[in-house]
Amino acid sequence: MFFIKHFCVLAIACSITSVYCRSNIAKTEKDSADYYLAQAVEAMHSNKYAITFDYAHKLISYAERHKKNTGMIKGYNLLAYCYHHNRKFKEAKIYYKKALKTAHITEGNAALLPMIYNNLGIIAYEMGDYD
């Protein structure tokens with residue numbers, strides 16, 4: 001059980017990293033979705049979840065103002081990951097579902113769907129919800 005639990009958490013972290021770290025985005029403008037995403041991911045890798053949480057909120061706010069649904073999806077997924085890491089499964093589930101809903105209504109985000117469904121499955125498993 002120990003192995004499965006830690007493998008699942010590692011899978012979430014890897015899935016977030018693989019989707020978000022496709023290019024060198026650290027040199028972007030300070031008020032951009034890429035900048036907030038890069039800062040959030042960097043903080044996440046340093047286990048600084050309060051900072052990750054803050055930048056994820058900034059990413060979502062920026063994405064909402066500029067109608068960038070992909071940024072909103074990534075921000076929701078990061079928030080869910082922070083909640084999940086802190087064992088706040090109900091909150092994590094809420095944000096994974098927001099990411100899922102936004103991904104379903106946005107063209108070009110089909111690649112994000114398996115990751116979100118996987119993360120929801122891990123949350124259900126850890127909550128003991130096997131239905």
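**Close-up views of helix packing and ring pairs**

**View 1. Helices α5 and α6 are roughly antiparallel to each other, a label used for angles over 145 degrees.** In this predicted model, local features need pLDDT of at least 70 and side-chain atom pairs count only at pLDDT 80 or more, while totals for chains, interfaces and linings use all residues. Residues are numbered from 1 along each chain as its sequence is written, and side-chain values use heavy atoms, with hydrogens and water left out. Helix α5 (residues 89-104) packs against helix α6 (residues 113-127) at an angle of about 160°, and their axes are 10 Å apart; helices here are DSSP runs (H or I) of at least four residues, numbered from the N terminus.

**View 2. Residues of α5 meet residues of α6, where contact means heavy atoms within 4.5 Å.** Among them are F89, Y96 and L100 in α5, and L113, Y117 and I123 in α6. The residues of this contact divide into 12 nonpolar, 2 polar and 4 charged.

**View 3. Y76 and Y95 form a tilted aromatic pair.** Rings of Phe, Tyr and Trp (its six-membered ring) pair if their centres lie within 6.5 Å, and planes under 30 degrees apart count as stacked, over 60 as edge-to-face and the rest as tilted. The two rings lie 6.2 Å centre to centre, with 40° between the planes, and the pair links distant parts of the chain, with Y76 in helix α4 (residues 69-85) and Y95 in helix α5, 19 residues apart. Y76 is buried, with a relative accessible area of 9%, buried meaning under 20% (1.4 Å probe, protein chains only).

Definitions and conventions
Axes fitted to C-alpha atoms, helices over the stretch in contact; angles between N-to-C directions. Helix = DSSP H or I, 4+ residues; strand = E, 2+ residues; numbered from the N terminus. Parallel < 35°, antiparallel > 145°, perpendicular 65-115°, else oblique. Nonpolar A, V, L, I, M, F, W, Y, C, P; charged D, E, K, R; others polar. Buried < 20%, exposed > 50% of the residue type's maximum accessible area, 1.4 Å probe, protein only.
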